[in-house]
Amino acid sequence: MTQERYNPEAIELKWQKHWMESKIYACSHTSGKPKYYVLEMFPYPSGNIHMGHVRNYSIGDVIARFRRMQGYNVLHPIGWDAFGLPAENAAIKHNTHPAEWTYSNIANMRTQLQRLGYSYDWDREVATCRPEYYKWEQMFFLRLLEKGLIYRKKAPQNWCPSCHTVLANEQVIDGQCWRCDSHVVQKDLTQWFLKITDYAEELLDDLKLLEGGWPERVLAMQRNWIGKSTGAQITFDLAKPCGSASSLDVFTTRPDTIFGVSFITLAPEHPLVQELIQGYEHADAVNEFITRIRAMDRLERQSDTLEKEGIFTGAYAIHPFTGAQVPLWLGNFVLAEYGTGAVMAVPAHDQRDFEFANKYALPKIVVIQPEGEELNPASMSEAMTGAGMMVHSDAFTGMTNEAAKQAITQALHSAGKGKGTVNYRLRDWNISRQRFWGAPIPVMYCEHCGVVPEKEENLPVQLPMDVKTRPDGRSPLPDYAPFAECTCPRCGGKARRETDTMDTFVESSWYFARYTAARNTDAPFDREALSYWLPVDQYIGGVEHAILHLLYSRFFTKVLRDCGFFPKNIAEPFKNLLTQGMVLKDGTKMSKSKGNVVDPTLMISKYGADTVRLFCLFAAPPERDFDWSDSGIDGSSRFIARVWRLYMDARPVLKAVPACSSLAADAHSPAAKELRRKEHLTVKKAGEDIGNRFQFNTAISAIMELVNAMYASREALCADAANATVFSSAMATVLTLLAPVTPHVCAELWEDLGHKDAMDTQPWPQWQENALQQDVLTIALQVNGKLRGTVEVPAQADKASLEAFARQDENIMRHTAGLTIRKVIVVPGKLVNIVAN
């Protein structure tokens, strides 16, 4: 029997125990129902959940519960993004193994999530640090290596001196490490790369498939990161050959400006630089410049606000059309990995080149004149980057510059000096990390055989559990002989294992697919389950993952499809994306250092999980940030108590009926008819707001209004047995609509009502159009646009009747006395406005 007083802890623990023991949220791909896969981005096991987690997972849980009530077979899993630097650094600080630290945190956070009553299928739980998970990741590595989609090369890399590891370009934010905010430097290292650039065009094109399902700003961020540029690759012969090289290739999006080239700018890292400066009297100064610029952050070097710097190499190239000598410079704003690492400089028509030319007194050559103007290089205050007519361009003079782009590219192609090409900002993904706590890379190095892949039957290559981490954060693997020293599987000779581990973003790039068959020990996926569940119907997470995680997951989906792991019809991993806002405190992001962290565990202890869930969903639309307030959660607590009291007060007359079950014939009074109408209106609005727009706050607001209407009519309807069915139906509707948001209290009251079927089996209520109709309408009465009264009229009253009601109203008659009525404006169902003077 439900207690008279609301006791959230007792109720919530009761139902959580029931849900876990009954496995009510387990699902199977063999169901005959339509599928719905809802997924929140899985958490890093830091030790404790925070309010951002609560908001994210509460959003997902409402969607999961709502879709189940709509008749879907719902997959709603959870797991742990368990590898990574934070666990390793924490383990070092506490003098323990990262595995011990991680598994302890997982156990604690699992308890916290279960205490919130989320409807996860816990039998599908995964942790990426477990060998049974990363075994398959190592298999993917070997298959991609075999297909040529993984390669190894030496190149300058982003290096975090504090974390002692390489960072991908996407992990460098404003020149700082995304994890620890240390300044990132450049370091030459031999690393493993995934050829994501092979999929650049498909990654770009398939963004069209996501339009309408993903936020436009996320799509824009991905388009910009991929950064497609269409132009030409142009070959400039070198005035003096350098070793085996006799020419230099540049990439440009403006081949129409080639006759305006006055110098070429190379990246300081360009492979030809050392040969170009050999014997040059200022070679030492050039090398000093190279050393200084290479130490700069690469993103800073691409900034529009960067002060442009350069130095002359002493070398020249030959213009492919004019034969003139073009000086070769190095510039801090040119990167070796973008395009060819060399750009042709046209100061008159490129602002960056314009500034550079001004600084170093280099010539400007105008080759495009805007219509009606004649540019003088000596008096130009900025580059002319717009359209115009070609000048000083030999046979191309007189063309529009747009027409000249194609004509010049064709001429270069015919002369063997160039070709049309496409370039991308996107770079191949460096997945090597010089830390211990990550998935081992399954290759070894043999003196005789070179790089040797591990055999698939020997997977997983496991991280040693008896190794000690180092205080300075450097990986212990290179010096741990039981791991590093091995036997070559080809020749039987001595070999060494790769001691770098994989970037943790590799694990999170395919976890969503592993959930579909998380306990399969024979293969990474079950084909039937994968075909049934993918793609994820609704993905939920922070916008901070708009580039890194989402781009990598999209790439992995396409790669695993092409390797035969995914069905051919799976092009994208996530059909719809919801990026939720942050939970703030006092207008700023919660932070321990600021002392403004709100502990979910304390809030649950004080108010109950249902109240915490309700407040996180009611405070603001999901895509917006919201500021935590004590008064706000107090208000949510009062609302649940108000629903509880309403139920207890009406309990003696309540019937165990389903939601929206009363008929028009059951409403024997105007109050009953109006409550029934309000009930159906609420079901309509809540269903649309949750199902179509994810506007949980307005759905909850509508339910609150229904509760207010029930309080207003409670005495009249509960005192009349004839109207008890209407009130019982409305009570059932309140509980059913609230069940996805506050599942525990709704399940408890539903059971107490005497229902044989649990709340979790109830369908979403269905509203009826005829129940929304009103018998009587309240019409505003105006004189010259000013409200002068109201009148109740039959809902079916026509315009003539409404005008008659208005003319007969005492207030209207008083305010029009002595005036001539010139016009009567009738808006059916709303107002009558009498114009008089």
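Two strands count as paired if DSSP finds at least two bridges between them. Helices (H or I, at least four residues) and strands (E, at least two) are DSSP runs, numbered from the N terminus. With that in place, take Gly541: its bridge partner in β27 is Thr579.

Now the ground rules. This is a predicted model, where local features need pLDDT of at least 70, side-chain atom pairs count only at pLDDT 80 or more, and totals for chains, interfaces and linings use all residues. Residues are numbered from 1 along each chain as its sequence is written, and side-chain values use heavy atoms, with hydrogens and water left out.

Back to the sheet. Gly541 and Thr579 belong to the pairing of β26 (residues 538-542) with β27. Those two strands run parallel and are joined by four bridges. The whole sheet is open and has four strands, in the order β2-β1-β26-β27, with parallel pairing. Which strands sit at the edges? They are β2 (73-75) and β27 (577-580), each pairing on one side only. On average, neighbouring strands of this sheet are turned by 20 degrees against each other, direction ignored. Axes here are lines fitted to C-alpha atoms, for helices over the stretch in contact, and angles run from 0 to 180 degrees between N-to-C directions.

Helix α2 (residues 51-69) lies across β1 (35-40), β2, β26 and β27. Its direction is at about 170 degrees to β1. Contact, throughout, means heavy atoms within 4.5 Å.

The term means a side-chain nitrogen of Lys or Arg within 4 Å of a carboxyl oxygen of Asp or Glu. Asp61 and Arg65 form one, at 2.8 Å, N to O. They are four residues apart in helix α2, so about one helical turn separates them. Buried or exposed? Both Asp61 and Arg65 are buried. For burial, the cut-offs are under 20% relative accessible area for buried, over 50% for exposed, and partly exposed in between (1.4 Å probe, protein chains only).

Across the whole structure, a search finds 45 salt bridges. Two others for comparison. Arg474 pairs with Asp472, the closest N and O atoms being 2.5 Å apart. Arg474 is partly exposed at 40% relative accessible area, and Asp472 is partly exposed at 34%. Glu674 pairs with Arg677 at 2.9 Å between the closest N and O atoms. These two are three residues apart in helix α21 (residues 670-691), which puts about one helical turn between them. Glu674 is partly exposed, at 36%, while Arg677 is buried, at 13%. There is also a network: salt bridges that share partners join Glu202, Asp206, Arg554, Lys558, Arg561, Asp562 and Glu572.

Next, a buried arginine. Arg433 is in strand β20 (residues 432-433). It counts as buried because its relative accessibility is 7%. What does its side chain reach? The backbone oxygen of Val166, at 3.1 Å. A polar contact (a pair of N or O atoms within 3.5 Å; within protein, one must be able to donate a hydrogen and the other to accept it, and residues adjacent in sequence count only if both atoms are side-chain atoms) also joins the side chains of Arg433 and Asp503, at 3.1 Å. Not counting residues up to four places away in sequence, Arg433 touches residues including Thr165, Leu167, Gln171, Asp500 and Met502.

Now the antiparallel strands. β5 (150-160) pairs with β9 (residues 185-194) over ten bridges, in the antiparallel sense. Asn158 has Gln186 in β9 as its bridge partner. β9 also pairs antiparallel with β19 (residues 429-430), over two bridges. There, Phe193 is partnered by Asn430.

Leu149 is buried, at 7%. Among the residues it touches are Phe193 and Leu194. Leu149 and Val559 are 410 residues apart in sequence, yet 8.8 Å apart in space, C-alpha to C-alpha.

Last, the cores. A nonpolar core is a set of buried Ala, Val, Leu, Ile, Met, Phe, Trp, Tyr and Cys residues joined through side-chain atoms within 4.5 Å. The largest has 114 residues. Met51, Phe141, Trp429, Phe512, Phe566 and Trp628 touch the most other members. Helix α5 gives the largest share, nine residues. Apart from this core lies another, of 66 residues, among them Met648, Cys660, Met710 and Val745.
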